[in-house]
Amino acid sequence: MDTDTGLLLLRLLTGLLIAAHGVQKVSFLLGGSGLDGGTEEFRHDGFRGGALTALAAGAGQIGSGLLLASGALTPLAAAGAIGVMTVALTVKWPNGLWVQHDGYEYPLVLIGIATTLTLTGPGRLSVDRALGLSHWPAWSAAAALATGVVGGLAVRALLHHPSTRQAPPSSP
């Protein structure tokens, strides 16, 4: 396999998983709990905004995930993915790093992959390449990372009320 095929596989896996997670937030597809379930998830995590918050998060994940998977507007796609994953990371931060303790390991890995795809570029097998946009400047990765992290932290600051977060249910 060559580098372009590897980048395609990485983009597809990462982007489609991010998009699918967004679909779950707003519908019953892919094992989702519908918009009411997505709204309740955010409420449980201490966020205000109700269905609008769930819709915005779901749309952000679907849009950035599909753009990332197709290799379209890669720095913008990465910034969107990094933004929603930064919010997820902040929610899971109190639980520590490891995912088996509901930690932030998974969002951190997705942030790293999105940043890396901006550094490497999407590869030959991408929409960016077809549009002649495959050579993004090196600073675009730093811009995507900074924009995503700052945007995610701003969303957290604006919409989160830590005193309203409920304790997670105990494991059997």
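At what angle do H5 and H7 pack, and how far apart are their axes? Keep that in mind while you read these points; remember, too, that this is a predicted model.

1. **H5 against H7.** The packing angle here is about 155°, and the axes of H5 and H7 are 8 Å apart. Angles over 145 degrees count as roughly antiparallel, so H5 is roughly antiparallel to H7. If you look at the handedness, H5 and H7 make a right-handed crossing.

2. **Who touches whom in that pair.** From H5, the residues involved are Ile111, Thr115, Thr118 and Leu119, and they meet Ser140, Ala141, Ala144 and Leu145 of H7. Sorted by class, the contact of H5 with H7 has five nonpolar residues, three polar ones and no charged ones.

3. **H4 against H7.** Now try H4 (residues 74-92) beside H7 (residues 139-159): their axes come within 7 Å and cross at roughly 40°. That angle makes H4 oblique to H7. The crossing of H4 with H7 is right-handed.

4. On the H4 side you'll find Pro75, Ala78, Ala79, Ile82, Gly83, Thr86, Val87, Thr90 and Val91. They meet residues of H7 including Ser140, Ala144, Leu145, Gly148, Gly152 and Arg156. The residues of this H4 and H7 contact split into eleven nonpolar, seven polar and one charged.

5. **H2 against H3.** Here the helices pack at an angle of about 100°, and their axes are 8 Å apart. H2 and H3 are therefore roughly perpendicular to each other. Leu35, Gly38, Thr39, Phe42 and Arg43 are the H2 residues, and among those they meet in H3 are Gly50, Ala51, Thr53 and Leu55. This contact of H2 with H3 has six nonpolar, four polar and one charged residues.

6. **The largest pocket.** It holds about 800 Å³ of space. There are 36 lining residues, and the closest to the pocket's centre are Lys25, Phe42, Val84, Val87 and Ala88.

7. **What lines it.** Helices H1 (3-26), H2 (34-44), H3 (50-70), H4, H5 (105-120) and H7 each give two or more residues to the lining of the largest pocket. H4 supplies the largest share, nine residues. By class, the lining of this pocket divides into 19 nonpolar, eleven polar and six charged residues.

Conventions: Residues numbered from 1 in each chain as written. Predicted model: local features only at pLDDT ≥ 70, side-chain atom pairs only at ≥ 80, totals over all residues. Heavy atoms only, no water. Axes fitted to C-alpha atoms, helices over the stretch in contact; angles between N-to-C directions. Helix = DSSP H or I, 4+ residues; strand = E, 2+ residues; numbered from the N terminus. Parallel < 35°, antiparallel > 145°, perpendicular 65-115°, else oblique. Left-handed = near helix turned anticlockwise from the far one by under 90°. Contact = heavy atoms within 4.5 Å. Nonpolar A, V, L, I, M, F, W, Y, C, P; charged D, E, K, R; others polar. 1 Å grid on protein atoms, 1.4 Å probe; cavity = no way out; pocket = protein on both sides within 12 Å on 5 of 7 lines; lining within 4 Å. Points joined across faces, edges and corners; volume = space filled by probe spheres on them.
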